[in-house]
Amino acid sequence: MEIKNLRSHPKDDLMGLGRREVNIESLSMQYQPDNIVYRDKEIEDLKLYVFSGKEFPPESVFIYGSSGSGKTAVIKHITSNYKNKKANIIYVNAGECRSIVQTLNEIYRSIKGDYLSLGTNPNAYSIEIVKALPNDKHNIIIIDEIDKIINGKNNDDLCLYPLLRPHEGIRNDVNIALVLIANDITLKDRFNSSIQSSFGRLWLKFYNYNEEELYHILLDRIKLAIKNTNYSWEESALKKLAKSASPIGDARYAIDLLKLAFINSKNNKLTEDDAISACERLEKTEIIKEFEKISDDCVILLFFINGLRGSRNELKVFPNIYSLYEIICAKMFRRTISYQHALNILETLEKTGIISSSEIPYMRGKPLKFDFRTSIEIVDELLLHEISRREDLKKWAKEGDTEVFIETLNAFKKQTKLDMSDYIDKKTGVT
Ligand SMILES: Nc1ncnc2c1ncn2[C@@H]1O[C@H](COP(=O)(O)OP(=O)(O)OP(=O)(O)O)[C@@H](O)[C@H]1O
Ligand SMILES: [Mg+2]
């Protein structure tokens, strides 16, 4: 075990890692497992169209799916085991770059060994990349976390066009397959139609993991971590962790939980109690960090999302959340942010893992509904805290009790004549 490396990480040190004779590295986020489970179909598709090893040129593909759904792990697994002399694979993580220009420049550098300085027009960099690529190879350019630098607005995706269609006026003798990986599942819908059509048949969605899948991912990891030690674990501990991570379906979150449970475990055994306390701790600390950063408007929107928990789907849709937000803003003589802006805020917050959205396909316009992923007690406590510590909001909250907000929810309940969640009734005693 590489204790030195681990000790250099302050968070790990704080948690006292490195003292145990176990392979903690296998629980770190950088660890690339040899065994990727439950992604056979995705790996098969990618091998068929992109990493085939056949003579025909690979195709471009757009991979998307929520955090921790295995997109990066799968791509790294395939590329590190891919042996094809004809392939020239370039991988760049846009999340580590400041802009699209820097990302494209990183790609250029990995071909030519040096950066370009062509100003701020990303298109120019794409064209130079096309010119620089070898013509006797299958060039596969992978841009991970593309949504960190491109959002599909103002046609900012058009700079990818030369990489997708190099034969249109730049070069006829080069093959390029562009592999884009995005966490934002709505990005593809905002792409320009010419970019969309260039991806042809390959839009590959990575679904969230379910509880059983998460359990097996965790099982593999803990076996690796404690290999050749006298450590043991309770099956119920892993089950608890998998269950807790399953509403998000995020393997990274599940592994984070496992790591936390593990480092707090005693007597060389991971117990169910360790798992329970890890779930509580991680949930709370993560949310506190995020909540401190969000705007007042976002706090209000979240309050109503939380309040609508347990209600019917029809009630939880974004138009209703926004209406509630408008009502409360009117009461507070507060200017509202626009509908679209509010929606964007929630979609951004979704990336933090705190809330999740899903379409309601059977409703007209397929509206989005939002849900918290974490336990109601924790969110309740933190939201009350946020409302009462913010100057603009606290005058509406009586002694930390969010009376005006709750009244608004109740009025909404009467107005819609739909059965609101038990939660509101239980919490407030108002029916
Ligand atoms: N199918 C799997 N089998 C084993 N480990 C997995 C699997 N899927 C994900 N993991 C592990 O879970 C963690 C998160 O996965 P990964 O980084 O691939 O997520 P991602 O989809 O790229 O998320 P993001 O969108 O946030 O970048 C990694 O440590 C990865 O090794
Ligand atoms: Mg990733």
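**Close-up 1. Phe333 in its loop.** Phe333 sits in the loop that links α15 (318-331) and α16 (339-350). The model shown in this and the other views is predicted. Phi of Phe333 is near 55°, a positive value in a residue that is not glycine. Most residues other than glycine have a negative phi. Is Phe333 buried or exposed? Phe333 has 6 C-beta neighbours inside 10 Å and therefore counts as exposed, since the cut-off for exposed is 12 or fewer.

**Close-up 2. Tyr38 in its loop.** Tyr38 is found in the loop between α2 (10-14) and α3 (40-49). Tyr38 is not a glycine, yet it has a positive phi of about 60°. Around Tyr38 there are 16 other C-beta atoms within 10 Å, so this residue is partly exposed. A residue would need 20 or more such atoms to be called buried.

Close-up 3. Strand β3 covers residues 138-144, and seven of its seven residues are buried. The strand is therefore largely enclosed by the rest of the structure. Which residues of β3 point one way, and which the other? His138, Ile140, Ile142 and Asp144 point one way, while Asn139, Ile141 and Ile143 point the other way. In a regular strand the side chains alternate between the two faces of the sheet. Residues on both sides of β3 are buried here.

**Close-up 4. The strands paired with β3.** Strand β2 (residues 87-93) is joined to β3 by seven bridges, and these two strands run parallel.

**Close-up 5. The shell around ligand 1.** There are 19 residues around ligand 1, and Ser67, Gly70, Thr72, Ala73 and Ala251 come nearest. Two elements, α4 (71-81) and α12 (251-263), each give two or more residues to this shell. What kinds of residues make up the shell? Nine are nonpolar, seven are polar and three are charged.

How values were computed. Residues numbered from 1 in each chain as written. Chains lettered and ligands numbered in written order. Predicted model: local features only at pLDDT ≥ 70, side-chain atom pairs only at ≥ 80, totals over all residues. Helix = DSSP H or I, 4+ residues; strand = E, 2+ residues; numbered from the N terminus. Pairing = 2+ DSSP bridges. Near = placed C-beta within 6 Å. Nonpolar A, V, L, I, M, F, W, Y, C, P; charged D, E, K, R; others polar.
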